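Open the model in your viewer and keep the selection panel at hand. The stops below say what to select and what is there.

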Amino acid sequence: MVTGQNIAVRIDELIGRKKWTKYKLAKEARIAQKTLYNIFEKDSIPQITTVSQICEALDISLSEFFDLAGSYRDSHLTEEERQFIEGYRSFDERQKGRMLGYFYALMEEINKD
């Protein structure tokens, strides 16, 4: 069952991976700091539009967000693939661009053979 408390724990987990503060999340998700305060301090359940904005800022889908039991992470991905994706999501835009450049160069190399 989804509660305000496990939503707050999930948000905390996700911003921790990105090394973000709650202030940074509010800014990136374009939501009021008071909204996050209510989620964390009053265990209020946010509206789905708020969760959607949070997901967009964190670069994850709603299904990944609500995967509170971790079944998505344990499903079709190997541990190495999961680490790769989580690492990529923690990068800033410049780092993501560099990673994609390296990836495309590797793919070209594979396609030449």
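Is Glu13 buried, partly exposed or exposed? Select Glu13: with a relative accessible area of 30%, this residue is partly exposed. The model is predicted, so the tour describes a predicted structure.

**The whole chain**

Show the protein as a cartoon. There are 8 helices and 0 strands, and the pattern along the sequence reads α-α-α-α-α-α-α-α. Now colour the residues by burial: 27% of the 113 residues count as buried. Next, display the contacts between residues at least 6 apart in sequence; 56% of them join residues at least 24 apart. The accessible surface comes to about 7800 Å², and carbon and sulfur atoms account for 53% of it.

**The core**

Hide the surface and select Ile11, Leu25, Leu36, Ile39, Ile54, Leu58 and Phe65. These residues have the most contacts inside the largest nonpolar core, which has 20 residues. At least two residues of this core come from each of helix H1 (4–18), helix H2 (22–29), helix H3 (33–41) and helix H4 (48–58).

Keep Leu58 selected and show its neighbours. Leaving aside residues up to four places away in sequence, Leu58 touches Leu14, Ile15, Lys18, Trp20 and Leu25.

**Salt bridges in helix H1**

A search of the whole structure finds 7 salt bridges. Start with Glu13 and Arg17, whose side chains meet in one of them, at 2.5 Å from N to O. Both residues lie in helix H1, 4 residues apart, which is about one turn of the helix. Arg17 is partly exposed, with a relative accessibility of 29%.

**Around Lys96**

Which residues pair with Lys96? Asp59 is one partner, and Glu93 is another.

Select Lys96 and Asp59 first. Their side chains form a salt bridge of 3.3 Å, N to O. This pair links distant parts of the chain: Lys96 is in helix H8, while Asp59 is in the loop between H4 and helix H5 (62–65), and the two are 37 residues apart. Lys96 is buried, because its relative accessible area of 8% is under the 20% cut-off. Asp59, at 36%, is partly exposed.

Lys96 and Glu93 are separated by about one helical turn, because they are 3 residues apart in helix H8. Glu93 is exposed, with 62% relative accessibility.

Then select Arg10, Glu13, Arg17 and Glu86 together. Salt bridges that share partners join these four residues into one network. Glu13 and Arg17, the pair from helix H1, are therefore back in view as members of this network.

For the last stop, bring the surface back and select Leu100, Phe103, Tyr104, Met107 and Ile110. Together they make a nonpolar surface patch of about 470 Å². Where is Ile110 placed? Ile110 is in helix H8 (residues 93–112). Is Ile110 buried or exposed? Ile110 counts as exposed because its relative accessible area, 54%, is over the 50% cut-off.

How values were computed: Residues are numbered from 1 along each chain as its sequence is written. This is a predicted model: local features need pLDDT of at least 70, side-chain atom pairs count only at pLDDT 80 or more; totals for chains, interfaces and linings use all residues. Side-chain values use heavy atoms; hydrogens and water are left out. Buried means under 20% relative accessible area, exposed over 50%, partly exposed in between (1.4 Å probe, protein chains only). Contact means heavy atoms within 4.5 Å. Accessible areas come from the Shrake-Rupley method with a 1.4 Å probe; for residues, only the protein chains shown count as cover. Patches are made of residues with over 30% relative accessible area and no salt bridge: like charges are joined within 9 Å, nonpolar side chains (Val, Leu, Ile, Met, Phe, Trp, Tyr) within 5 Å. A nonpolar core is a set of buried Ala, Val, Leu, Ile, Met, Phe, Trp, Tyr and Cys residues joined through side-chain atoms within 4.5 Å.
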